[in-house]
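Dear colleague,

Please find the structure below, handed over for your records.

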Amino acid sequence: MLGSGFKFGALEFGGLKIGHQSSKESADFNGLVMEGFELRLGKILLVERYVEVRSNFAHGSFGNGQKVNKFLVPSPFKTLGNIGENRHCRTANLVAAFLADRPVKTRTTRPWVRVNPLDSGMMLDDLKAIVGGQPDGIVQPKTDGPDCVRTLSHYLDAFETQNGLGLGAIRIVPVATETAIAPFHLGNYASAGLARLAGLTWGAEDLATAVAASTNRAPDGDWAFTYRMARSLTLLAAHASGVQAIDTLHADFRDEDGLRASSRASCTEGFSGRLAIHPAQVPIINASYLPTADDIAHAQEVVAAFAANPGAGTVGLGGKMVDIPHLKQAEAILARSAAFADSD
């Protein structure tokens with residue numbers, strides 16, 4: 001599915017040239033202040049932030065096993081439900097213009113758009129505005145389960161047909177834990193037959209609101225049990241469904257040590273990337289989700305040991321026995337490393 005890391009070349013947004021990770025510029029894009037950054041992540045890429053709308057970013061590179069070199073996920077619709085109809089329409093039109101200015105054949109990034117929830121009354125307006133511009137995917141918030149994704153998929157069928165696009169071209173990543181009922185349906189994604197499903201991510205803030213919790217944190221600062229459960233179920237559901245498992249954001253963008261520790265732990269647990277709330281988090285996330293030099297060296301040793309013993313189910317390596325699951329893990333690490341290298 002996703003390669004491990006992808007690197008942007010320079011890209012242009014609203015007349016703003018974005019070139020290096022360290023670059024930071026601002027522009028007033030028809031009333032929405034935009035900060036531009038070139039981002040380099042393992043499986044998760046962020047590019048721009050609509051400051052006035054307070055957008056978050058979902059990020060990843062999605063495809064049916066194909067290597068994806070460049071992937072962009074703008075999410076300008078995150079808070080549109082709170083900003084009034086006129087402003088919502090204006091922002092939707094800005095996103096439509098952004099897509100229209102970048103025809104699919106000329107794109108160097110893959111734009112994804114986060115729309116309003118299904119029950120907001122604004123999702124169809126969002127889709128009407130943006131589908132003609134052929135975004136690569138939709139981030140769907142507050143999904144109760146596969147049926148919500150299926151409904152969005154049916155909407156996309158209609159809008160793709162209306163716009164003369166190939167059916168199924170636009171993929172979907174639901175934020176799959178933001179309502180009280182949603183965690184109970186996570187296991188159903190694996191058997192739902194959702195061809196557009198590209199990944200699953202989770203969120204704790206809206207879930208806390210849904211259950212009337214005063215906090216989603218335990219006294220030690222870790223997620224409280226309910227949210228640890230939702231996170232784990234999202235990880236399992238994503239792997240059971242054969243799609244990307246995308247961890248949630250680390251809200252304190254000034255807490256670099258905490259971001260680094262939680263991202264590395266997330267990677268070792270099986271998440272392929274995470275959400276981010278601020279571009280300053282990107283270099284740390286990049287480093288955390290990419291295989292380390294030691295990871296790569298060990299993976300190469302495992303693969304070489306099995307190659308030297310064709311047909312073996314278990315081999316000895318460094319005084320320890322390794323078996324086929326270790327081989328599969330090693331091959332996955334090398335594939336992630338190669339995907340990142342190929343995107344340079």
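A salt bridge is counted here when a side-chain nitrogen of Lys or Arg lies within 4 Å of a carboxyl oxygen of Asp or Glu. Please note that this is a predicted model. Glu-269 and Arg-231 form such a salt bridge, with their closest N and O atoms 2.8 Å apart. Glu-269 lies in helix α6 (residues 256–269) and Arg-231 in helix α5 (residues 225–241), so this pair ties together parts that are 38 residues apart in sequence. Arg-231 is buried, at 13% relative accessible area, whereas Glu-269 is partly exposed, at 41%.

By this rule the count comes to 10 salt bridges. Among them is the pair of Asp-206 and Lys-142 (3.6 Å, N to O). This pair links distant parts of the chain, with Asp-206 in helix α4 (residues 205–210) and Lys-142 in the loop between β9 and α3, 64 residues apart. Within helix α6, Asp-257 forms a salt bridge with Arg-260 at 3.2 Å; the two are 3 residues apart, and therefore separated by about one helical turn. Asp-157, Glu-160 and Arg-196 are linked in a network of salt bridges.

Strand β9 (residues 137–140) also deserves a description. Gly-137 and Val-139 point one way from β9, Ile-138 and Gln-140 the other way, and all are buried. Strand β8 (residues 112–114) pairs with β9 in the parallel sense over 3 bridges, and Val-113 has Ile-138 as its bridge partner. The chain passes from β8 through helix α2 (residues 123–130) to β9 in a right-handed β-α-β crossover.

With kind regards

How values were computed
Residues are numbered from 1 along each chain as its sequence is written. This is a predicted model: local features need pLDDT of at least 70, side-chain atom pairs count only at pLDDT 80 or more; totals for chains, interfaces and linings use all residues. Side-chain values use heavy atoms; hydrogens and water are left out. Buried means under 20% relative accessible area, exposed over 50%, partly exposed in between (1.4 Å probe, protein chains only). Helices (H or I, at least four residues) and strands (E, at least two) are DSSP runs, numbered from the N terminus. Two strands pair if DSSP finds at least two bridges between them. A crossover is right-handed if, with the strands pointing away from the viewer, the path from the first strand over the helix to the second runs clockwise.
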